[in-house]
Amino acid sequence: RGTPLQPFFKRSYSCSKVGDPHPGQPYKGGNFCAFLPDNKEGLKTAKLLKKAFDRGLTFQIKSCNGEERVTWGLIPHKTSRDGGKARNGYPDSQYLDEVSTVL
(Lines give C-alpha, C1' and ligand atoms only; values in the text may rest on other atoms or scores of the structure.)
Protein backbone atom coordinates (compact mmCIF):
# COMPACT_ATOMS: atom_id res chain seq x y z
CA ARG A 1 0.00 0.00 0.00
CA GLY A 2 1.60 3.26 -1.15
CA THR A 3 1.44 6.72 0.32
CA PRO A 4 -1.97 8.21 -0.42
CA LEU A 5 -2.22 11.23 -2.68
CA GLN A 6 -3.43 14.21 -0.73
CA PRO A 7 -5.16 16.94 -2.75
CA PHE A 8 -5.42 20.12 -0.71
CA PHE A 9 -7.91 22.88 -1.42
CA LYS A 10 -7.88 26.32 0.15
CA ARG A 11 -10.92 28.51 -0.25
CA SER A 12 -10.60 32.02 1.16
CA TYR A 13 -13.20 34.62 2.00
CA SER A 14 -15.07 35.88 -1.03
CA CYS A 15 -18.50 36.92 -2.24
CA SER A 16 -21.13 34.44 -3.28
CA LYS A 17 -22.52 34.34 -6.79
CA VAL A 18 -25.90 33.82 -8.41
CA GLY A 19 -27.24 30.42 -7.41
CA ASP A 20 -25.73 30.53 -3.91
CA PRO A 21 -27.99 30.99 -0.85
CA HIS A 22 -27.42 34.77 -0.62
CA PRO A 23 -25.80 36.09 -3.84
CA GLY A 24 -23.35 38.94 -3.30
CA GLN A 25 -22.88 38.22 0.40
CA PRO A 26 -19.43 37.41 1.80
CA TYR A 27 -18.71 33.85 2.84
CA LYS A 28 -16.15 32.15 5.03
CA GLY A 29 -13.64 29.88 3.33
CA GLY A 30 -11.62 27.02 4.76
CA ASN A 31 -8.97 24.41 4.19
CA PHE A 32 -10.12 21.12 2.74
CA CYS A 33 -8.07 17.95 2.43
CA ALA A 34 -8.94 14.70 0.66
CA PHE A 35 -7.14 11.43 0.05
CA LEU A 36 -6.78 9.17 -2.97
CA PRO A 37 -4.80 5.97 -3.38
CA ASP A 38 -1.42 6.42 -5.07
CA ASN A 39 -2.11 4.09 -7.98
CA LYS A 40 -3.35 4.26 -11.58
CA GLU A 41 -7.01 4.55 -10.60
CA GLY A 42 -6.25 7.18 -7.96
CA LEU A 43 -4.33 9.30 -10.48
CA LYS A 44 -7.18 9.01 -12.98
CA THR A 45 -9.65 10.09 -10.29
CA ALA A 46 -7.37 13.01 -9.30
CA LYS A 47 -7.52 14.31 -12.88
CA LEU A 48 -11.32 14.07 -12.90
CA LEU A 49 -11.52 15.85 -9.54
CA LYS A 50 -9.26 18.61 -10.90
CA LYS A 51 -11.65 19.13 -13.83
CA ALA A 52 -14.59 19.27 -11.42
CA PHE A 53 -12.71 21.82 -9.28
CA ASP A 54 -11.91 23.97 -12.33
CA ARG A 55 -15.61 23.94 -13.24
CA GLY A 56 -16.67 25.03 -9.74
CA LEU A 57 -18.28 21.71 -8.81
CA THR A 58 -16.16 20.71 -5.81
CA PHE A 59 -17.62 23.08 -3.22
CA GLN A 60 -20.89 24.74 -2.39
CA ILE A 61 -21.88 27.59 -0.12
CA LYS A 62 -24.30 26.85 2.68
CA SER A 63 -25.89 28.97 5.36
CA CYS A 64 -24.96 27.86 8.88
CA ASN A 65 -26.15 29.83 11.91
CA GLY A 66 -26.64 32.94 9.79
CA GLU A 67 -23.16 32.72 8.27
CA GLU A 68 -22.34 31.71 4.72
CA ARG A 69 -19.56 29.14 4.52
CA VAL A 70 -17.89 26.87 2.01
CA THR A 71 -18.62 23.16 2.32
CA TRP A 72 -17.93 20.11 0.19
CA GLY A 73 -20.27 19.83 -2.79
CA LEU A 74 -22.04 16.71 -3.99
CA ILE A 75 -18.88 14.94 -5.19
CA PRO A 76 -17.78 12.47 -2.50
CA HIS A 77 -14.28 12.96 -1.09
CA LYS A 78 -12.28 10.81 1.30
CA THR A 79 -11.31 13.15 4.12
CA SER A 80 -9.57 10.53 6.26
CA ARG A 81 -6.89 7.92 5.59
CA ASP A 82 -8.71 5.39 7.72
CA GLY A 83 -12.00 4.75 9.49
CA GLY A 84 -13.74 3.13 6.55
CA LYS A 85 -16.71 4.36 4.59
CA ALA A 86 -18.60 5.43 7.73
CA ARG A 87 -15.89 8.04 8.48
CA ASN A 88 -15.17 9.12 4.89
CA GLY A 89 -11.96 7.11 4.99
CA TYR A 90 -10.34 3.96 3.75
CA PRO A 91 -10.72 1.05 3.36
CA ASP A 92 -13.63 1.55 0.95
CA SER A 93 -13.34 -0.76 -2.03
CA GLN A 94 -16.22 0.95 -3.86
CA TYR A 95 -15.09 4.58 -3.54
CA LEU A 96 -13.21 5.00 -6.82
CA ASP A 97 -16.09 3.48 -8.79
CA GLU A 98 -18.62 5.64 -6.95
CA VAL A 99 -16.73 8.91 -7.41
CA SER A 100 -16.01 8.11 -11.07
CA THR A 101 -19.74 7.58 -11.64
CA VAL A 102 -20.51 10.97 -10.07
CA LEU A 103 -17.80 12.68 -12.09
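The following legends describe close-up views of a predicted model.

**View 1. Strand 5 and strand 6 form a hairpin.** Strand 5 comprises residues 59–64 and pairs with strand 6 in the antiparallel sense, over six bridges. Within this pairing, F59 stands opposite W72 of strand 6. Two residues separate the strands of the hairpin, and N65, located in the turn, has a positive phi of about 55°.

**View 2. Helix 2 has buried residues that line one face.** The buried residues of this helix are Y95, L96 and V99. Seen down the axis of helix 2, they fall within an arc of 90°, and therefore they line one face of the helix. These buried residues pack against helix 1, which spans residues 40–54. On the other side of helix 2, D97 and T101 are exposed.

**View 3. A salt bridge joins D54 and K50 within helix 1.** The closest N and O atoms of the two residues are 2.8 Å apart. D54 and K50 are four residues apart, about one turn of the helix. In an α-helix there are 3.6 residues a turn, so residues three or four places apart point the same way. K50 is partly exposed, with a relative accessible area of 47%. The structure holds three salt bridges, and the bridge between D54 and K50 is one of them.

**View 4. D92 and K78 form a salt bridge.** The closest N and O atoms of this pair are 2.7 Å apart. Both residues lie in the loop between strand 6 and helix 2, so the pair ties together parts that are 14 residues apart in sequence. D92 is buried, with a relative accessible area of 12%, and K78 also counts as buried, at 3% relative accessibility.

**View 5. K85 and E98 meet in a salt bridge.** The N to O distance between their side chains is 3.0 Å. Because K85 lies in the loop between strand 6 and helix 2 while E98 lies in helix 2, the pair ties together parts that are 13 residues apart in sequence. K85 is partly exposed, with a relative accessible area of 45%, and E98 counts as partly exposed at 30% relative accessibility.

**View 6. The side chains of H77 and S80 reach backbone oxygens.** H77 lies in the loop between strand 6 and helix 2, and S80 is found in the loop between strand 6 (67–72) and helix 2 (95–102). The side chain of H77 reaches the backbone oxygen of I75 at 2.9 Å, and H77 is buried, with a relative accessible area of 7%. The side chain of S80 reaches the backbone oxygen of D82 at 2.7 Å. Leaving aside neighbours within four places in sequence, S80 is in contact with F35, R87, N88, G89 and Y90.

Technical notes. Residues are numbered from 1 along each chain as its sequence is written. This is a predicted model: local features need pLDDT of at least 70, side-chain atom pairs count only at pLDDT 80 or more; totals for chains, interfaces and linings use all residues. Side-chain values use heavy atoms; hydrogens and water are left out. A polar contact is a pair of N or O atoms within 3.5 Å; within protein, one must be able to donate a hydrogen and the other to accept it, and residues adjacent in sequence count only if both atoms are side-chain atoms. Contact means heavy atoms within 4.5 Å. Buried means under 20% relative accessible area, exposed over 50%, partly exposed in between (1.4 Å probe, protein chains only). The arc is that of the directions from the helix axis to the C-beta atoms. Two strands pair if DSSP finds at least two bridges between them. A salt bridge is a side-chain nitrogen of Lys or Arg within 4 Å of a carboxyl oxygen of Asp or Glu.
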